[in-house]
Amino acid sequence: MAELIVREFQEGEDATRRAIVELGTQELRKTYQPRESGGQCGCKPTGILVALNGDVLVGTAEYAKTAQSIYLQGVAVHPAHRGQGVCRALVSKAEEIAQNANVPSLALCAIEETGNVRIFEKLGFQVKRRSVAANHVSPDGGPVTQVDMEREIA
Ligand SMILES: CC(C)(COP(=O)(O)OP(=O)(O)OC[C@H]1O[C@@H](n2cnc3c(N)ncnc32)[C@H](O)[C@@H]1OP(=O)(O)O)[C@@H](O)C(=O)NCCC(=O)NCCS
């Protein structure tokens with residue numbers, strides 16, 4: 001595998017980045033969907049990271065800086081490049097951003113039923129809160145569990 005680099009998104013990378021996000025979203029939609037009457041989900045990003053394997057864009061994440069944390073959303077890795085540390089590299093870069101901004105934690109929100117909670121636990125995040133998701137439901141309209149997670153900055 002070529003060297004994995006994570007940096008800020010650049011102009012011209014939008015189509016590839018969006019395609020990776022779309023693949024991730026399609027998968028997540030098998031487990032949960034926005035509630036029809038739901039409110040706005042996510043927040044306006046401060047920046048967008050991309051992970052490159054050589055010159056191939058393989059993953060991405062948006063981040064939003066608040067006083068308490070760097071909040072990650074829209075995390076997605078191309079299916080052909082999963083399980084190779086791409087998400088770990090994105091999280092690592094977010095940690096560097098948090099350190100430079102002097103904020104004490106990384107934060108994100110996952111839906112329990114996707115299985116992603118255990119992936120982010122492996123990446124050092126801890127569960128802070130579990131609740132019935134206000135803005136999302138299962139494909140048959142049932143409740144899903146929102147899990148707020150945090151990782152303290154070392
Ligand atoms: C979730 C996602 C971003 C993980 O990306 P990734 O690059 O494959 O993750 P990494 O390779 O960095 O793996 C991180 C850790 O999780 C583990 N892991 C990754 N995928 C896993 C899986 N499907 N099952 C179990 N463990 C898994 C890895 O083994 C690694 O732990 P380790 O270092 O202790 O071995 C990716 O699967 C994805 O894009 N999914 C679709 C979109 C999505 O769910 N986004 C997140 C929304 S909250």
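**A guided look**

Guide: Eight strands make an open sheet, in the order β1-β3-β4-β5-β6-β8-β7-β2, with mixed pairing. The edge strands are β1 and β2 (33-34). This is a predicted model, in which local features need pLDDT of at least 70, side-chain atom pairs count only at pLDDT 80 or more, and totals for chains, interfaces and linings use all residues. Residues are numbered from 1 along each chain as its sequence is written.

Visitor: What makes a stretch a helix or a strand?

Guide: Both are DSSP runs: helices are H or I over at least four residues, strands are E over at least two, and numbering starts from the N terminus. The protein comes to three helices and eight strands. From the N terminus on, they run β-α-β-β-β-β-α-β-α-β-β.

Visitor: What joins β3 to β4?

Guide: Seven bridges do, and the two strands run antiparallel. I48 stands opposite E62 in β4. The hairpin of β3 and β4 has two residues between the strands, and G54 takes a positive phi near 65 degrees there.

Visitor: What makes a set of residues a nonpolar core?

Guide: Its members are buried Ala, Val, Leu, Ile, Met, Phe, Trp, Tyr and Cys residues, joined through C-beta atoms within 7 Å. Buried means 20 or more other C-beta atoms within 10 Å of a residue's own; exposed means 12 or fewer; partly exposed lies in between, with C-beta atoms placed from the backbone. The largest such core has 29 residues, and L72, L90, A94 and L108 have the most contacts inside it. Elements giving two or more residues include β3 (47-53), β4 (56-65) and β6 (105-111). The largest share, seven residues, comes from α2.

Visitor: Which residues does L108 touch?

Guide: Leaving out residues up to four places away in sequence, L108 touches Y71, L72, Q73, F120, F125 and M149. Contact means C-beta atoms, placed from the backbone, within 7 Å.

Visitor: Why is Q84 called partly exposed?

Guide: Q84 has 15 other C-beta atoms within 10 Å. That falls between 12 and 20, so Q84 is partly exposed. Q84 lies in the loop between β5 and α2.

Visitor: Which residues come nearest the ligand?

Guide: G24, R82, V86, C87 and R88 do, out of 19 around it. A residue is near if its C-beta atom, placed from the backbone, lies within 6 Å. α1 (14-28), β5 (69-77), α2 (86-101) and α3 (116-122) each supply at least two residues of this shell.

Visitor: How do you know that the radius of gyration agrees with a compact globule?

Guide: The rule, over C-alpha atoms, is 2.2 Å times the number of residues to the power 0.38. For 154 residues that is near 15 Å, and the protein has 15 Å, so the two agree. The C-alpha trace spans about 40 × 30 × 25 Å along its principal axes.

Methods:
Contact = placed C-beta atoms within 7 Å. Pairing = 2+ DSSP bridges.
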